[in-house]
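Work through the exercises below with the model open. Each task is followed by a worked solution.

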Amino acid sequence: MPELVSKDLVIVGGGPAGLSAAIYARRSLLDAVTLEREALGGQTILTSEIDNYPGVPHTDGYTLSDAMRAQAEELGAHIVMDPVSSIGLDDKTGRFVVEAASARYDAASVILAAGARPRPAGFEGEERFAGHGVSYCATCDGMFYRGKQVFVVGGGNSAAEEALFLARIASKVTLIVRKDHLRAQTALVRELEENEKVELRLLTSIVSVEGDELPGKITLRDNATGATYVERFEEGSVGIFVLVGRIPETELVSGLVKLDGQGYALTDERMATWTPGLFVAGDARAKPLRQIVTAASDGAVAATSAAAYLGLPVEG
């Protein structure tokens with residue numbers, strides 16, 4: 001077993017929240033390490049166009065994430081590509097033990113910034129076109145479909161709200177609901193039914209999405225009869241928004257934090273959980289808006305909160 005490496009702070013996750021935390025940790029003079037399991041930037045790098053990050057009006061997820069990484073490393077942040085398998089608390093010392101694939105860390109504090117992954121709808125072609133015609137966030141990507149046709153997959157409150165948001169932008173919104181009813185609140189359902197730009201298709205599922213660079217052919221199934229039918233579009237003229245829920249990456253701290261009914265971590269405004277020294281930032285925590293800018297804000301708050309917890313200098 002590898003020897004424990006002692007740190008003031010271990011940041012788990014290298015997306016916008018984790019990279020922002022790394023930047024602020026360095027500015028607070030914390031001896032910190034940031035651990036990322038797959039790719040720096042997290043879900044952000046899947047987004048081909050970003051127009052709503054303040055000060056960077058036209059960019060893409062990879063470029064923005066790489067700029068964050070470069071800034072963190074220029075300040076001296078220690079970033080390691082190493083998946084974390086567990087986060088535990090030593091009751092005797094009050095310190096955390098973070099088990100990664102190639103190292104073990106003894107940490108005075110931990111920030112979980114692992115994010116939340118979209119729950120896929122499961123149709124063929126979904127993964128291939130993710131970020132290139134298939135999106136999981138209307139407020140992130142809706143503006144790219146101004147005057148175009150969009151499909152929204154889902155029947156809950158999130159899908160209904162996003163469909164209404166998209167109806168202000170797109171030429172037509174088709175809400176695809178696999179059951180014979182919507183699970184959304186009655187008021188939202190009424191708004192959808194009264195909106196001339198929204199078409200409700202109950203008992204319907206998307207079977208597959210095809211195309212060259214962008215979607216151009218959508219195969220749907222009538223769940224009542226089992227029959228399938230095809231709709232064709234000029235590539236680039238249609239978008240599919242999958243809004244069937246998200247899966248928060250909170251498994252590593254499930255025994256150390258309080259979770260809401262959907263599995264998101266509950267924190268206070270300082271990103272603190274009920275376990276002293278453990279903070280959660282970004283999309284893994286319960287919050288009203290999940291955007292790159294709010295994740296970055298969470299990371300800054302979490303790192304300065306960790307510094308304050310450890311009695312080190314903080315900005316403010």
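Buried means under 20% relative accessible area, exposed over 50%, and partly exposed in between (1.4 Å probe, protein chains only). Helices (H or I, at least four residues) and strands (E, at least two) are DSSP runs, numbered from the N terminus. The model is predicted: local features need pLDDT of at least 70, side-chain atom pairs count only at pLDDT 80 or more, and totals for chains, interfaces and linings use all residues. Residues are numbered from 1 along each chain as its sequence is written, and side-chain values use heavy atoms, with hydrogens and water left out.

**Exercise 1. Find which residues of H2 are buried and which exposed residues its opposite face carries.**

Step 1. List the buried positions: Gly61, Leu64, Ser65, Met68 and Ala72.
Step 2. Look down the axis of H2. The buried residues fall within an arc of 95 degrees, so they line one face of the helix. The arc is taken over directions from the helix axis to the C-beta atoms.
Step 3. Turn to the face away from the buried side. Tyr62 and Glu74 are exposed there.
Step 4. Identify the packing partners. The buried residues of H2 pack against H1, strand E3 (78-81) and H6.

**Exercise 2. Describe what caps the N-terminal end of H2 and what follows the helix.**

Step 1. Start at the N-terminal end. Asp60 is the cap, with a side-chain oxygen 3.1 Å from the backbone nitrogen of Tyr62.
Step 2. Go past the helix. Gly76 follows H2, and its phi is positive, near 100 degrees.

**Exercise 3. Locate the largest nonpolar core and say which elements supply it.**

Step 1. Define the term. A nonpolar core is a set of buried Ala, Val, Leu, Ile, Met, Phe, Trp, Tyr and Cys residues joined through side-chain atoms within 4.5 Å.
Step 2. Find the core. The largest has 31 residues, and Leu9, Tyr53, Ile111 and Phe279 have the most contacts inside it.
Step 3. Assign its sources. E1 (4-12), H1 (16-27), H2 (61-74) and H6 (292-309) each supply at least two residues. H6 gives the largest share, seven residues.
Step 4. Look for another core. One of 25 residues lies apart, and includes Ile169, Ala184, Val189 and Leu243.

Technical notes:
Contact means heavy atoms within 4.5 Å. A polar contact is a pair of N or O atoms within 3.5 Å; within protein, one must be able to donate a hydrogen and the other to accept it, and residues adjacent in sequence count only if both atoms are side-chain atoms.
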